[in-house]
Amino acid sequence: MDSRNDGAAKDAKKSDEVVETPAYSQENIQHNMRIIYYSRTFLSIVGGVVAGVLGLTGVTGFLCYFVIMMLASAGIAVKTKFDVFSFFDSWNRITIDGIAQGFMSFILFWTFAYDIVHIF
């Protein structure tokens with residue numbers, strides 16, 4: 001009979017526990033995402049110029065872009081002291097979001113810098 005009471009007491013404790021969900025300010029998350037998009041776009045432009053000046057072609061140029069984006073994601077994680085959930089609602093915000101947006105800028109400046117330095 002004691003084991004039944006112990007089980008009921010444990011169930012009562014479980015139901016009394018309050019599950020805390022984090023509260024996010026949508027305005028702050030949007031501001032942080034704007035900063036990430038701007039920084040990724042800037043790094044895409046700079047990375048495209050560097051890849052073009054170095055004469056990277058084909059797959060090595062694309063690898064340059066993805067290395068730059070990985071370094072940007074790592075830099076953002078370090079800047080947040082790896083406490084991403086204080087600034088964003090998921091890790092995807094710093095690892096994936098905005099990578100495709102800067103890709104076209106990278107290609108534009110990559111080909112532009114390559115043409116100026118190596119063709120003309």
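This is a predicted model: local features need pLDDT of at least 70, side-chain atom pairs count only at pLDDT 80 or more; totals for chains, interfaces and linings use all residues.
**Exercise 1.** Carry out the analysis for Phe82, asking where it is placed and whether it counts as buried or exposed.

*Solution.* Phe82 lies in the loop between H3 and H4, and its phi is near 60°, a positive value in a residue other than glycine. Its relative accessibility is 54%, and because exposed means over 50%, Phe82 counts as exposed.

**Exercise 2.** Describe how helix H2 (residues 26–54) and helix H5 (residues 99–119) pack, and state which classes of residue form their contact.

*Solution.* The axes of H2 and H5 are 7 Å apart and meet at an angle of about 25°. Angles under 35 degrees count as roughly parallel, and therefore H2 is roughly parallel to H5. The crossing of H2 and H5 is right-handed. The contact residues divide into 13 nonpolar, nine polar and one charged; among them are Tyr37, Arg40 and Leu54 in H2, and Phe109, Trp110 and His118 in H5.

**Exercise 3.** Which residues does UniProt list for "transmembrane region", and what is the helix content of residues 99–117?

*Solution.* The unreviewed UniProt entry lists residues 60–78 and 99–117. In the model, residues 99–117 are 100% helix and 0% strand, with end C-alpha atoms 26 Å apart. Residues 60–78 are likewise 100% helix and 0% strand, and their end C-alpha atoms lie 27 Å apart.

Definitions and conventions
Residues are numbered from 1 along each chain as its sequence is written. Side-chain values use heavy atoms; hydrogens and water are left out. UniProt positions are given in the numbering used here, feature names are shortened, and annotations may be inferred rather than shown by experiment. Helices (H or I, at least four residues) and strands (E, at least two) are DSSP runs, numbered from the N terminus. Axes are lines fitted to C-alpha atoms, for helices over the stretch in contact, and angles run from 0 to 180 degrees between N-to-C directions. Angles under 35 degrees count as roughly parallel, over 145 as roughly antiparallel, 65 to 115 as roughly perpendicular and the rest as oblique. A crossing is left-handed if the near helix is turned anticlockwise from the far one by less than a right angle, and right-handed if clockwise. Contact means heavy atoms within 4.5 Å. Ala, Val, Leu, Ile, Met, Phe, Trp, Tyr, Cys and Pro count as nonpolar, Asp, Glu, Lys and Arg as charged, and the others, Gly among them, as polar. Buried means under 20% relative accessible area, exposed over 50%, partly exposed in between (1.4 Å probe, protein chains only).
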